[in-house]
Amino acid sequence: MTLVALCSVKGSPGVTTAALGLAARWPAGDLPVVVECDAAGGDLLARFRLETSPGLVSLAAAVRRGAEPGLVWQHTQRLPGGLPVVAGPAGAEQARAALEQITDGGAAVLRRAADRPGTVVVADCGQVGQGSASLGILRVADVVLLLARSQDDALAHVVASLDVVARWSQPLSCVLVGGGYRTGEVAQTLGIEVIGRLPDDHHGAAVLCGRPGRRSASTQSPLGRALARIAALAASRALTPLGGKEQAAGFRKRGSISPYPERQGSPHTSWEGVSR
């Protein structure tokens with residue numbers, strides 16, 4: 001039904017935590033599974049004390065024999081609360097090798113799993129760049145969510161990478177993390193849809209990261225509520241995706257912006273003029 005890929009271009013804005021929360025808060029009626037596709041190595045094994053197998057490595061080995069739609073589910077483990085995940089190895093070398101096998105031929109195993117009625121595959125692609133092993137997943141995803149902090153240094157990297165990222169994937173939306181520039185201002189200057197903003201909610205994030213707490217805390221927290229809104233919008237985008245030209249017409253409206261009050265008096269942002 002739906003393949004959603006989450007990624008960043010710089011730093012650690014919380015892609016894995018967002019992927020878990022997005023899957024946990026996906027609209028009722030669909031069955032989500034999180035696949036850890038970070039070429040730098042995964043976090044789920046350590047966070048939740050999972051077994052090393054089944055997981056991404058065993059899935060990559062099985063792909064050599066075929067990529068039937070149900071294969072992903074054969075390599076899942078369950079998190080507390082029941083969310084199924086395919087955990088990636090902690091080591092970067094092993095993670096890259098597994099991803100290269102999985103994405104050989106266009107990430108067919110994830111695409112076929114996502115094409116099953118009622119199935120939602122949430123791919124945590126971590127930080128991506130030119131030549132990243134997870135790029136094949138972005139290319140076949142129905143929705144790509146680019147996470148970035150809404151501050152000068154992080155947005156400068158987004159601006160510098162945006163045209164390249166857009167070539168990797170047309171159905172691209174941005175999710176801002178934490179405080180900083182206003183959502184509408186970032187959307188106007190970057191010329192990209194900003195689908196939502198995640199608050200700096202350390203308690204809510206800690207529960208999603210596997211630390212002890214009430215199971216309902218992640219859904220009742222500010223972070224959980226924000227992820228629920230983004231999940232609903234992402235589900236809608238997957239059903240009625242914007243084509244590349246339509247997306248560009250709708251969101252590419254570049255111009256100067258009004259920074260936050262503490263930055264008033266500066267007519268331009270420090271990242272607005274970064275070469276793209």
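Let me start with a rule we will need for the sheet: two strands pair if DSSP finds at least two bridges between them. Strands themselves are DSSP runs of E with at least two residues, helices are runs of H or I with at least four, and both are numbered from the N terminus.

Hello everyone! What you see above is a predicted model, where local features need pLDDT of at least 70 and side-chain atom pairs count only at pLDDT 80 or more, while totals for chains, interfaces and linings use all residues. Residues are numbered from 1 along each chain as its sequence is written, and side-chain values use heavy atoms, with hydrogens and water left out.

First, the overview. The protein chain contains 12 helices and 8 strands. Of its 276 residues, 53% are buried; buried means under 20% relative accessible area, exposed means over 50%, and partly exposed is in between, using a 1.4 Å probe and protein chains only. The accessible surface is about 12,000 Å², and carbon and sulfur atoms own 50% of that. Those areas come from the Shrake-Rupley method with a 1.4 Å probe, and for residues only the protein chains shown count as cover.

Contact, by the way, means heavy atoms within 4.5 Å. If we take contacts between residues at least 6 apart in sequence, 74% of them join residues at least 24 apart.

In what order do the strands line up? The 8 strands form an open sheet in the order 3-4-2-5-1-6-7-8, with mixed pairing. Strand 3 (77-78) and strand 8 (194-198) sit at the edges with a single partner strand each, so one side of each has no neighbour in the sheet.

Let's look at strand 6, residues 143-149. Buried residues make up 6 of its 7, so strand 6 is largely enclosed by the rest of the structure. Strand 6 pairs in the parallel sense with strand 1 (residues 2-8) over 4 bridges, and there Leu 6 has Leu 145 as its bridge partner. Strand 6 also pairs in the parallel sense with strand 7, over 6 bridges. Here Ala 148 stands opposite Leu 176 in strand 7.

Elsewhere in the sheet, strand 2 (residues 31-36) and strand 4 (residues 84-86) form a parallel pair over 2 bridges, and Val 35 faces Val 86 of strand 4. Then there is helix 8 (residues 183-190), which lies across strand 7 (172-177) and strand 8 and runs at about 140 degrees to strand 8. For that angle, axes are lines fitted to C-alpha atoms, for helices over the stretch in contact, and angles run from 0 to 180 degrees between N-to-C directions.

Next, the inside. A nonpolar core is a set of buried Ala, Val, Leu, Ile, Met, Phe, Trp, Tyr and Cys residues joined through side-chain atoms within 4.5 Å. The largest one has 52 residues, and those touching the most other members are Val 72, Val 109, Leu 110, Cys 125, Ile 137 and Leu 138. Helix 7 (residues 152-168) gives the largest share of this core, 6 residues. A second, separate core has 36 residues, including Leu 83, Leu 147, Leu 198 and Ile 230. Helix 1 (residues 15-24) is mostly covered too, with 9 of its 10 residues buried.

Let me zoom in on Cys 125, one of those core residues. How many disulfides does a search of the whole structure find? The count is 0, where a disulfide is a pair of cysteine sulfur atoms within 2.5 Å. For Cys 37, the nearest cysteine sulfur is that of Cys 125, 5.2 Å away. Cys 125 is buried, with a relative accessible area of 0%, and Cys 37 counts as buried at 1%.

Is Ser 134 buried or exposed? Ser 134 counts as buried, because its relative accessibility is 1%. You can find Ser 134 in the loop between strand 5 (119-127) and helix 6 (135-140).

One last stop: Gly 41, in the loop between strand 2 and helix 2 (44-48). Gly 41 and Glu 93 are 52 residues apart in sequence, and their C-alpha atoms are 7.9 Å apart in space.
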